[in-house]
Amino acid sequence: MSTDRCYHCGDPLPASPILATIDGKPRAMCCSGCASAAAWIGSAGLGDYYRLREGDSSRVEEAPPDLSSWDRDDVQAAHARHLDDGGREITVVVDGMHCAACAWLIDRALRREAGVEDVSANAVTGRVELRWREGATRLSRLLGRLYQLGYRPFLASGEQLETARRQERRRMLIRLGIAGLGAMQVMMFAEALYLDHANEMPVATRDFFRWIAVLVSTPVVFYSGWPFIAGLWREVSLRRLGMDTLVGGSILLAWAASLVQTLRGGEQVWFDASVMFVLFLLAARYLEQMARQRANAQVEALARARPALATREVEDGSRRQLPVGELQPGDRVFVAAGEPLPADGHLLGDARLDESLLTGESTPRLRGANDEVFAGSLCLDQPLRLTVTRCGQDTRLSHMVRLVEQAQSQRPPLAQWADRIASRFVAVVIVAAVLVFAAWTWIAGANHGFETALALLVVSCPCALSLAVPAALAATHSGLSRMGVLALSERALFAATRIDDLLMDKTGTLTEGQPRLLATQGFNGVSEADALRLAAALESGSTHPLARAFGEANVHACDLRITPGLGIEGRVDGRALRLGRADFAASGEDDGALWLGDGGQALARFEVGDRLRTDAAATVQALRSRGLSLAILSGDAETAVARVASALQIDDWQARQSPEDKLAAIRRHQAAGHRVGMLGDGLNDAPVLAAADLSIAMSDGAALAHRAADLIVLNGRLDRVPAALAQAGRMQRVVRQNLSWALAYNAIALPVAALGLITPGLAALGMALSSLGVTLNALRLATPPATPDTETTAAESAREITA
Amino acid sequence: MNILLVLVPISLFLLAVAIGAFIWAVRSGQFDDLDTPSIDILADGDHRPDTKPRADDD
């Protein structure tokens, strides 16, 4: 971590950083929020957090908002569970929990609070379960502590869904555990029976072992194996052949035949084949589901945009807070500045909104009375009122969340193809089994016929074929989400390795996309520090990203008024001041810089610009070494683009490109026979992203709704782009290996089993090993290869270049 | 071989105990989060908040 960045959040330091002592060393912080968080962490003896964490923390807001609404009875009644011993429990989703160290810190920090009984923070799902004793502390106090550490709590929506999912996960684990323990026992007895080659075992002992095997295998087959049996039933009732037909059928057949043999005192039992089948398939399925859930947890970030409380206004103008769930269409709602809208509705007055969550458009939109606005948009500048038209599950935001979930749950074409092949294969296997049974019964009797047919059924189960693609995809999702990359379409993962051209946007992609203060000039006797102080005071009421660049306000400004598109005016130290475009603040000519003045006379000029991302240079190098030809397409002015292009040594660049121009450029590249990837910030170039063969968006969780992008880089780290492409390449290799392995295995195993060369137990082992091999091979994808540290000297020097 | 009549039921009993323990562990949420605890163990115990005396530590 370099020294010109905040020790806590990693943001660039302002002109006058705040120093705090952590573990005996002075550290520079960007703001008092981060400083107090770091100081608290240090003094609580939790300084290890800084050693354990994997990345920067979230910036801490200086003044935590009023959280007292969380203490309201109606809110808690809806969301906090009463426990038997008088405690209460609530689950909140927190923003900014990136890695296990964050979970560790939250856990430790909250346990220090009096009245807290239990805390469990899960970095994978972003959820914190908090149990506290009523009366001993207030919920708002505990959540305030989270705020102070930079984690913003939100009400966990879909509580039932999460509970259901957790229970499903636990049930699956119990099934797996019982299958594992039971299968080992059954195999032990089966082994004893197998070792009795010469039939020396007394019949009583043999039957004793067999009955024990019945006892142990029954719960394994009917409890652990229930998903397969239920699947068999489903497929049979739909008159469709699928994997579960074969799996469930084989399990039941092996178990039932063994039971019959046990009752009749027959020669052979196959309990071991039956339980091993259950165990190994269950293990493979469990691993696949875990990987899938890990990827899905990220989608829930979207749901966080929903505020917990809404303020309803009644006829006489009085306001009452109520949980969002209680809103009804027709209600009149008041939204304070800086808060998200709780529902879709029609505006009752002018308002400026940040609709980036829904439209991806980052520039605030001016909306007038009666305009339709959507839940999840942020209300900027001044409070607004609206009449609710749709709420809860009907809002556009909820629809969007569902779309993303759908996109994630659909099976990619290759997997569908594998399923179709498998389904046909199942039919072939069943026919073959019947023929083999008939043939061997005729040759060597019904007992041998059954055994061979069972071995055939078990050994040739095309599970490996069906698992080959989904397992690889799930593991890739998991590996990517560990890197902070979200794959919204699985098609993209297959497209990723084929692209040979990469077009890149500049603002927000190669650069940080946030205006930073680059230079300050004072005029007419105003010093730089004074200018900054005045500007900070004026900007203190603004939510504009630039406002932070001026640091913390220590003088108070009053009568603040914002003129959209021009600037802010207000009184500081009794003096009327304006901050904004030159023509607004100092009656000069607009030159793109920010001016401070009194409306006529200029006091200061602030140059504002965008900085290159620290990892841009290293990323460009890595992409080049992957054989991609790179080009910059930017809507920005010539000079700014040229500066970035030369800093990154990219010769092919074009400035002042409208979305239409960019689209045309993509088409041109595609017409020339290239497969084109587009790397953008995902905010303003949705059609462009959609046209590309592979689209990658740099963004934060907010733009998840932006389905135009195939891959979303969540943590703003550019070096994840080549890493994600490499991961997609590895995935394709693994898929190819898996498919050829599965096909080769079945092609060999089927005739071998038909010839009666393997026993059912061996068949189960072979089948399971092939499935397990496929799954384990796929699991290699879940751990991304070590990414080279991008904070190299090249990257450091590139940072100095501003755009 | 009569010893089997004792040993096998014992092994079944142990199996039942193991399954019971496993079900209890799963139900009480021990497997819900497999990532955070790995880091938990790394730094615990030696740093105590000021409110607690350090006497009980080494």
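Predicted model: local features only at pLDDT ≥ 70, side-chain atom pairs only at ≥ 80, totals over all residues.
In what order do the six strands of the open sheet in chain A stand? Residues are numbered from 1 along each chain as its sequence is written, chains are lettered from A and ligands numbered from 1 in the order in which they are written, and side-chain values use heavy atoms, leaving out hydrogens and water.

**Figure 1. Chain A as a whole.** Count them up and you get 26 helices and 29 strands (DSSP runs numbered from the N terminus: H or I of at least four residues for helices, E of at least two for strands). Of the 803 residues, 54% are buried, meaning under 20% relative accessible area with a 1.4 Å probe, protein chains only.

**Figure 2. Helices α20 and α24 of chain A pack together.** Here α20 (residues 616–625) meets α24 (residues 720–754) at an angle of about 30°, with the axes 8 Å apart. Axes are lines fitted to C-alpha atoms over the stretch in contact, and angles run from 0 to 180 degrees between N-to-C directions. That angle makes α20(A) roughly parallel to α24(A), a label for angles under 35 degrees. A:Thr619, A:Ala622 and A:Leu623 of α20(A) make the contact with A:Val721, A:Pro722 and A:Leu725 of α24(A); contact means heavy atoms within 4.5 Å.

**Figure 3. An open sheet of six strands in chain A.** Here's the order: β9-β8-β10-β16-β11-β14, with antiparallel pairing. Strands pair if DSSP finds at least two bridges between them. At the edges stand β9 (319–323) and β14 (372–373), each with a single partner strand, so one side of each has no neighbour in the sheet. Look also at β10 (residues 332–335) and β16 (residues 384–390), which run antiparallel and are joined by four bridges. A:Val335 sits opposite A:Leu384 in β16(A).

**Figure 4. A hairpin in chain A, and another strand beside it.** Strands β21 (residues 567–572) and β22 (residues 575–580) pair in the antiparallel sense over six bridges, and A:Val572 stands opposite A:Arg575 in β22(A). Two residues lie between the strands of this hairpin, and A:Asp573 in the turn has a positive phi of about 50°. β22(A) also pairs with β23 (residues 594–597), again in the antiparallel sense, over three bridges. There, A:Arg578 has A:Gly597 as its bridge partner in β23(A).

Key
Buried < 20%, exposed > 50% of the residue type's maximum accessible area, 1.4 Å probe, protein only. Parallel < 35°, antiparallel > 145°, perpendicular 65-115°, else oblique.
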